[in-house]
Amino acid sequence: SARIPNIADDLEKGLAEIKRQSTRLMHLFFPLSIVLMLCSRFLYVYVFNSNFTYSALIFNIYLLLIIPRVMFPQTVLTGIRHTRYQLLSAVIEIALNAGLSIYLSSPERLGLAGIAVGTFVAYLFDKLFLLAINRFVFNIPARRYIAIGPLLAYSVLTVVSFIAGYL
């Protein structure tokens, strides 16, 4: 949010600043999330007891939210004063989150973990939708304000850590 005035004043400098700061956040929060993912099962058992192992799975699914959280297409849209797309995306995100969470939370599907999966999918959709709006409506590709290489590398490592945490 602090970068919105920068984008409004000078789009190029504002986008470069978002990219720089989001990359810094990636280098901080992705490794932390990966370590927590790999340790959470053991930490939950140690801090609580073995009955909480399933809670570690839910915690790890929510840790996956780091992937879309380091993308800031909404900041770009606000900076260029086109916020109506954010409203549309938010409405779709809420509907998707509620629908998927209810559907996936049934005991024959994913149970409580389904709520976390529904939240992750809805939030990821929101960011991807806004990235697409920036690219196709305003011709502002993601590479101008997101360090794509580190994001992809960290995302793959995070998903691999998520999987490895349960093998």
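Me: Leaving aside its neighbours within four places in sequence, which residues is Ser33 in contact with?

Reply: This is a predicted model, in which local features need pLDDT of at least 70 and side-chain atom pairs count only at pLDDT 80 or more, while totals for chains, interfaces and linings use all residues. Residues are numbered from 1 along each chain as its sequence is written, and side-chain values use heavy atoms, with hydrogens and water left out. Ser33 is found in helix H2, and with a relative accessible area of 7% it is buried (buried means under 20%, exposed over 50%, partly exposed in between, with a 1.4 Å probe and protein chains only). Taking contact as heavy atoms within 4.5 Å, and setting aside neighbours within four places in sequence, the partners of Ser33 are Leu63 and Ile66.

Me: How many helices and how many strands does the secondary structure of the protein come to?

Reply: Helices (H or I, at least four residues) and strands (E, at least two) are taken here as DSSP runs, numbered from the N terminus. Read from that terminus on, the elements run α-α-α-α-α-α-α-α. The secondary structure therefore comes, under this definition, to eight helices and zero strands.

Me: Are H2 and H3 roughly parallel or roughly antiparallel to each other?

Reply: Helix H2 (residues 11–47) and helix H3 (residues 53–63) pack at an angle of about 165°, with their axes 8 Å apart; axes are lines fitted to C-alpha atoms, for helices over the stretch in contact, and angles run from 0 to 180 degrees between N-to-C directions. Angles under 35 degrees count as roughly parallel, over 145 as roughly antiparallel, 65 to 115 as roughly perpendicular and the rest as oblique. The relation of H2 to H3 is therefore roughly antiparallel.

Me: By class, how many residues of the contact of H2 with H3 are nonpolar, polar and charged?

Reply: H2 contributes Ser33, Leu36, Met37, Ser40, Arg41, Tyr44 and Val45 to the contact, and H3 contributes Thr53, Ser55, Ala56, Phe59, Asn60 and Leu63. Ala, Val, Leu, Ile, Met, Phe, Trp, Tyr, Cys and Pro count as nonpolar, Asp, Glu, Lys and Arg as charged, and the others, Gly among them, as polar. Sorted in this way, the contact has seven nonpolar, five polar and one charged.

Me: Is Ser55 buried, partly exposed or exposed?

Reply: Ser55 has its place in helix H3, and it is one of the residues through which H3 meets H2. With a relative accessibility of 27%, Ser55 counts as partly exposed.

Me: How do the residues of the contact of H2 with H8 divide by class?

Reply: H2 and H8 pack at an angle of about 10°, with their axes 8 Å apart, and they are therefore roughly parallel to each other. On the H2 side the contact is made by Met26, His27, Phe30, Pro31, Ile34, Met37 and Leu38, and on the H8 side by Pro150, Leu151, Tyr154, Ser155, Leu157, Thr158, Ser161, Phe162 and Ala164. These residues divide into 12 nonpolar, four polar and no charged.

Me: Which residues have the most contacts inside the largest nonpolar core?

Reply: A nonpolar core is a set of buried Ala, Val, Leu, Ile, Met, Phe, Trp, Tyr and Cys residues joined through side-chain atoms within 4.5 Å, and the largest such core has 29 residues. H2, H3, helix H4 (66–69), helix H7 (113–136) and helix H8 (148–164) each supply at least two residues of this core. Apart from it lies another core, of five residues, among them Tyr85, Phe129, Leu130 and Ile133. In the largest core, the residues with the most contacts are Met26, Phe30, Val76, Tyr145, Ile146 and Leu151.

Me: What is the relative accessible area of Arg81?

Reply: Arg81 is found in the loop between helix H5 (73–79) and helix H6 (84–104). Its phi is near 60°, a positive value in a residue other than glycine. Arg81 is exposed, and its relative accessible area is 62%.
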